[in-house]
Amino acid sequence: MRTQVGIIGAGPAGLLLSHLLHLRGIESVVLERRSREYVERRVRAGVLEQGTVDTLVEAGVGERLKREGLPHHGIELRYGGAGHRIAFERLVPGRSITVYGQQEVVKDLIAARLAAGGDVRFEVDDVALHDIDTDRPYLTFGGERLDCDVIAGCDGFHGVSRASIPEGVLTEYRRDYPFAWLGILARVKPSSEELIYARTERGFALHSMRSPEISRFYLQVAPDEDLEAWPDERIWAELRARLETVPGFTLATGDIVERGITPMRGFVAEPMQHGRLFLAGDAAHIVPPTGAKGLNLAVADVRVLTEALARFFADGSTEALDGYSRACLPRVWRAQHFSWWMTTLLHTFESDDAYARRLQTSYLDYVTSSEAAGTTLAENYVGLPYEEETS
Ligand code: APR
Ligand code: PHB
């Protein structure tokens with residue numbers, strides 16, 4: 001078997017890359033370890049930047065997103081007994097975010113790939129990469145061989161792609177946080193129209209949503225927290241304690257339909273390429289979810305990689321491919337910093353003393369009262385324009 005681009009992983013990065021390449025007349029095969037049902041059900045974050053929405057709409061996969069996605073023009077920071085709105089429409093006019101679950105994006109992309117006759121293979125075992133530092137790389141899996149011009153490693157943080165790069169090539173930067181997020185999806189109407197990021201003495205909580213009937217919540221918990229220790233009543237009691245901190249706000253509760261614990265870390269591997277292997281999305285970098293940047297960064301990488309591959313397949317020029325990592329990394333690091341900053345601003349760190357807590361409050365007061373500081377949060381949250389990182 002032979003294809004132009006062998007793509008490992010059918011998450012948002014791999015699927016979108018395959019779809020954008022198809023629109024440019026470039027062939028690919030996507031190899032995914034899990035089943036289609038599994039990837040379509042995997043609940044992840046759900047905040048899409050304007051640029052991400054535009055990318056999906058321009059690629060022809062935004063129809064349901066436009067219909068069911070929830071446009072948001074602000075978020076609330078809740079602390080010290082009051083809520084403070086970060087008003088995107090005033091601070092970053094014309095820019096907003098859309099709340100739409102990542103697994104919905106995945107469903108839409110899989111449907112589009114299959115409708116166009118795309119080759120997406122699920123439950124593929126033992127993908128291995130070979131000869132990536134030659135111009136004839138190939139993949140093997142389940143006794144088959146796939147020859148490629150280029151391989152795209154879109155297989156997430158724990159994938160095989162990054163691990164196949166020889167030792168000494170990559171420099172890895174990481175930050176592990178001393179807490180995790182316990183996330184739930186509940187069948188209940190959201191208690192707020194906008195997302196609430198709550199900082200309390202008991203730890204951080206986030207109120208998000210998926211639809212007018214489904215809410216999404218997160219609680220800061222210990223890094224080694226046992227999900228078994230959190231029966232429904234305890235989850236709701238803790239969410240109430242952290243969110244019902246302003247007068248007149250009552251949290252509506254309902255059936256919990258999904259739950260999980262996510263570790264919090266930042267990670268970047270540099271460069272995001274080696275020979276004919278290019279890493280995109282979580283395979284190359286991850287961020288703590290506080291800034292809601294993971295999926296958006298994956299989309300930004302894939303846009304850059306698509307352009308570079310289109311040039312390569314048009315005239316054989318490797319200039320844009322050679323510059324792939326350099327083109328992506330400024331946005332990657334901006335998102336690392338923003339995610340670290342949001343995390344630091346809102347979570348309880350055991351190591352913090354009273355002085356550090358006061359600094360945190362002071363910064364929150366500044367962000368919620370100063371036009372300049374509020375704009376810093378808003379412009380990063382809605383997402384910086386693409387041109388800035390590619391020019
Ligand atoms: N072989 C084949 N597929 C693999 C392998 C492997 N060895 N290892 C992992 N995969 C698959 C995973 O099952 C998953 O479906 O690669 C896919 C990677 O998808 P994601 O983890 O969703 O990563 P990405 O597409 O980069 O999307 C980034 O996902 O993790 C979230 O918050 C993150 O929103 C961000 C987004
Ligand atoms: C979500 O809805 O899942 C979500 C929203 C905002 C975040 C993280 C996750 O910062």
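Predicted model: local features only at pLDDT ≥ 70, side-chain atom pairs only at ≥ 80, totals over all residues.
**Entry 1: a helix over strands**

I started with helix H7, residues 232–243, which lies across strand S5 (74–79), strand S12 (171–187), strand S13 (196–200), strand S14 (203–209), strand S15 (214–221) and S16. I checked its direction against S15 and got about 85°.

**Entry 2**

Next I looked up how the strands line up. Eight of them make an open sheet with mixed pairing, and I wrote the order down as S6-S5-S13-S14-S15-S12-S16-S19. Which strands stand at the edges? I found S6 (82–87) and S19 (285–286) there. Each has a single partner strand, so one side of each is left without a neighbour in the sheet.

I then zoomed in on the S19 end. S16 covers residues 255–270, and two bridges join it to S19. The two strands run antiparallel. I also looked for who faces Ile286 of S19, and it's Phe267.

**Entry 3: the ligand**

How many residues surround ligand 1? I got 24, and the closest are Glu32, Arg42, Arg44, Gln102 and Asp282. I sorted the shell by type: ten residues are nonpolar, seven are polar and seven are charged.

Then I went through some atom pairs. Asp282 has a side-chain N or O atom 2.4 Å from an oxygen atom of ligand 1. For Arg42, a polar side-chain atom sits 2.7 Å from a ligand oxygen atom. Arg33 uses its backbone instead: an N or O atom there is 3.2 Å from a nitrogen atom of ligand 1. On its own, ligand 1 exposes 710 Å², and the protein buries 90% of that.

Where does the shell come from? Helix H1 (12–23) and helix H8 (294–315) each give at least two residues to it. H8 has the largest share, with three residues.

**Entry 4: two helices packing**

Last stop was helix H10 (residues 324–346) against helix H11 (residues 354–369). Their axes are 9 Å apart, and the helices pack at an angle of about 115°. Which residues make the contact? On the H10 side I listed Trp341, Thr344, Leu345 and Leu346. On the H11 side I listed Gln360, Tyr363, Leu364 and Val367. I sorted these by type as well: six are nonpolar, two are polar and none is charged.

Definitions and conventions. Residues numbered from 1 in each chain as written. Chains lettered and ligands numbered in written order. Heavy atoms only, no water. Near = heavy atom within 4 Å. Polar contact = N/O pair within 3.5 Å; in protein donor to acceptor, adjacent residues only side chain to side chain. Areas by Shrake-Rupley, 256 points an atom, 1.4 Å probe, with all protein chains shown as cover. Helix = DSSP H or I, 4+ residues; strand = E, 2+ residues; numbered from the N terminus. Nonpolar A, V, L, I, M, F, W, Y, C, P; charged D, E, K, R; others polar. Pairing = 2+ DSSP bridges. Contact = heavy atoms within 4.5 Å. Axes fitted to C-alpha atoms, helices over the stretch in contact; angles between N-to-C directions.
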